[in-house]
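Me: I would like to learn how to read helix packing and a few local features in a model of a protein. Could you take me through them one at a time?

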Amino acid sequence: MATAQRIAVLGAGLMGHGIALSFARFGHRVQVYDTFPESLATLDERVRASLAALGLGPTDRDHAAIRITGTQDLQACVSRADVVFEAAPEKLELKQQLFAAIEPLAPGHAIFASNTSVIPITNVMSLLRDKSRALGTHWWNPPHLIPLVEVIRTQWTSEQAIAAMLALLTGVGKSPVRVEKDVPGFIGNRLQHALWREAISLVENGVCDAEAVDSVIKASFGRRLAVLGPLENADLVGTDLTLDIHNTILADLESRRGPSPYLEQLVADGKLGMKSGQGFRTWSQTSADTVRRRVSSHLRKLDAILDD
């Protein structure tokens with residue numbers, strides 16, 4: 001492993017604790033900042049539970065957990081950091097305020113990274129004096145189980161900062177990819193939500209129900225996505241066949257610029273998915289917990305298979 005670095009994580013929630021343990025597992029020292037005492041009070045317990053879910057034994061869990069320290073003191077968290085990962089809620093002004101606050105507190109060499117799913121990193125980092133050390137790192141949920149991290153360059157980000165981040169992430173077993181142009185949603189969420197838009201449209205237009213959509217994906221092309229990307233698949237079947245299919249189907253796909261009225265009505269009716277018991281599908285606490293356990297178990301098994 002490369003020389004251990006001092007990592008600061010801003011936010012002790014679901015993403016923050018997963019980012020923290022991803023580095024602590026590999027010998028890095030991690031300080032986690034949060035303004036809520038209750039989040040810090042449960043940090044160690046949640047870290048250990050996630051490490052156990054990864055299959056680590058008690059000794060390995062101890063060795064990782066002791067490298068993570070929680071604090072409500074922002075200066076103490078970042079004053080010696082080599083890299084600062086912001087994992088605050090998806091609110092632009094909050095993220096901007098955090099980076100404005102830490103810039104005078106952190107060392108001049110520290111790299112600043114914002115974890116966001118869709119907010120352009122250019123907007124998040126626009127108020128910094130030194131924008132060359134700032135970039136985006138989009139970790140996927142749960143961050144300790146999903147290997148991908150999208151590393152997003154802004155117009156100001158230095159190649160040195162990008163290269164250092166790629167090396168750091170690779171050293172802790174992640175699979176970083178470069179995003180050379182800062183666009184909303186980056187790569188993964190643009191692809192994912194293009195699929196979701198068509199999935200919602202099929203239900204909205206009465207082609208099938210939500211269960212059918214999910215079943216088709218899980219029982220067909222979804223099974224090969226982990227080992228065969230869409231452009232690999234296009235090359236596999238042939239770009240000529242791909243062109244023929246597109247000439248037939250693309251004009252009929254959903255292309256509205258805004259959200260689906262069907263989705264908007266679900267939200268207006270309080271049908272918010274698993275957390276409310278009703279969304280596109282109906283959920284009990286038991287069925288929702290079963291899905292969460294199945295996803296976690298699948299990700300662990302898939303990681304083991306792909307490592308062979």
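Me: What should I keep in mind about the numbering and the kind of model?

Reply: This is a predicted model, in which local features need pLDDT of at least 70 and side-chain atom pairs count only at pLDDT 80 or more, while totals for chains, interfaces and linings use all residues. Residues are numbered from 1 along each chain as its sequence is written, and side-chain values use heavy atoms, with hydrogens and water left out.

Me: How are two packed helices described?

Reply: The description consists of the angle between the two axes and the distance between them. Axes are lines fitted to C-alpha atoms, for helices over the stretch in contact, and angles run from 0 to 180 degrees between N-to-C directions. Helices (H or I, at least four residues) and strands (E, at least two) are DSSP runs, numbered from the N terminus. Here, helix α3 (residues 43-53) packs against helix α4 (residues 58-65) at an angle of about 135°, the axes being 10 Å apart. That angle makes α3 oblique to α4, given that angles under 35 degrees count as roughly parallel, over 145 as roughly antiparallel, 65 to 115 as roughly perpendicular and the rest as oblique.

Me: What is the handedness of the crossing of α3 and α4, and which residues meet?

Reply: A crossing is left-handed if the near helix is turned anticlockwise from the far one by less than a right angle, and right-handed if clockwise; α3 passes α4 in a right-handed crossing. Contact means heavy atoms within 4.5 Å, and D44, V47, R48, L51 and A52 of α3 meet R61, D62, A64 and A65 of α4. The residues of this contact comprise 5 nonpolar, no polar and 4 charged, where Ala, Val, Leu, Ile, Met, Phe, Trp, Tyr, Cys and Pro count as nonpolar, Asp, Glu, Lys and Arg as charged, and the others, Gly among them, as polar.

Me: How does α1 cross α3?

Reply: The axes of helix α1 (residues 14-24) and α3 come within 10 Å and cross at roughly 65°, and the crossing is right-handed. On the α1 side the contact involves L14, H17 and L21, and on the α3 side L43, R46, V47, S50 and L51, which by class gives 5 nonpolar, 2 polar and 1 charged residues.

Me: What does the pairing of α9 with α10 look like?

Reply: Helix α9 (residues 188-204) and helix α10 (residues 210-219) have axes that come within 9 Å and cross at roughly 140°, which makes α9 oblique to α10. The contact is made by L195, A199, L202 and V203 of α9 with A210, V213 and I217 of α10, and its residues divide into 7 nonpolar, no polar and no charged.

Me: Which backbone features are found at P142 and F186?

Reply: The peptide bond from N141 to P142 is cis, with omega near 0°, and P142 lies in the loop between β6 (134-139) and β7 (148-152). F186, in the loop between β8 (175-179) and α9, has a phi near 60°, a positive value in a residue other than glycine, and at 2% relative accessibility F186 counts as buried.

Terms used. Buried < 20%, exposed > 50% of the residue type's maximum accessible area, 1.4 Å probe, protein only.
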